[in-house]
Amino acid sequence: MNRLLTILVSLGAAWLLFSCADERHTMERVLEQADRQNKAFDSITNVDSIALAARYFDRSGTRNERMKAHYLLASAYRDMGDAPKALESFHDAADRADTTVRDCDYFLLSRVHGQIATLLKDMQLPYDALKEYDLAERYSFKAKDSLMAWASYSSKAFAYYLMDNHDSVISISENAYMRLLHYDSLYALSCLKD
């Protein structure tokens, strides 16, 4: 009897382990599909599946997986035109990042803040947008993504424009132009070395 009970417990544990691995694989596939659509500028329409994946990774994922799941959920809401839910989910994604650890995905975190800034700008909230553009720029530098850092910096001109602060619009635009020339010359030099 004890041997039968041991076998049944072992089979149950194996089934549980297999089903958990299968669920993880399914949730990873959902996020991979949404990520491909997002990168291809395709509308993400499977909000319910991504919401399930976000809940799954909140229970069983790393900080970066949680951030990615909520980022993709927010992107789906954005694509559906639901700005309030998108904004809430982007904030959820940012809250799941852990900037105190070495493996923080700063590349993704910069995009999260960039998306928040864009939504806030579109909602005519330029002061809040500026704060988010600053965060996007800071995390872009940490990710060594100079193009995103430049885009975040130059986008501040739109927020200043909404505030009728034309001197700042001009200053940001000129500085962004100079930065772009600098990046372009660095790129040219790196091509010459190759």
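Mentor: Let us begin with the largest nonpolar core, which has 39 residues, and in which Ile50, Phe90, Leu109 and Val112 touch the most other members. A nonpolar core is a set of buried Ala, Val, Leu, Ile, Met, Phe, Trp, Tyr and Cys residues joined through side-chain atoms within 4.5 Å; buried means under 20% relative accessible area, exposed means over 50%, and partly exposed lies in between, with a 1.4 Å probe and protein chains only. Please keep in mind that this is a predicted model, in which local features need pLDDT of at least 70 and side-chain atom pairs count only at pLDDT 80 or more, while totals for chains, interfaces and linings use all residues. Residues are numbered from 1 along each chain as its sequence is written, and side-chain values use heavy atoms, with hydrogens and water left out.

At least two residues of this core come from each of α1 (2-39), α2 (47-60), α3 (63-80), α4 (83-96), α5 (106-122) and α6, where helices are DSSP runs of H or I with at least four residues, strands are runs of E with at least two, and both are numbered from the N terminus. If we look at Phe90 and leave aside residues up to four places away in sequence, it touches Tyr71, Ala74, Ser75, Arg78, Val112, Gln115, Ile116 and Leu119, contact being heavy atoms within 4.5 Å.

Among the buried residues of α6 are Leu130, Tyr133 and Ala136, and the helix is followed by Lys144, whose phi is positive, near 60°.

Helix α6 (residues 126-142) packs against helix α7 (residues 146-162) at an angle of about 170°, with their axes 8 Å apart. α6 is therefore roughly antiparallel to α7, a term used for angles over 145 degrees, whereas those under 35 are roughly parallel, 65 to 115 roughly perpendicular and the rest oblique. Axes are lines fitted to C-alpha atoms, for helices over the stretch in contact, and angles run from 0 to 180 degrees between N-to-C directions.
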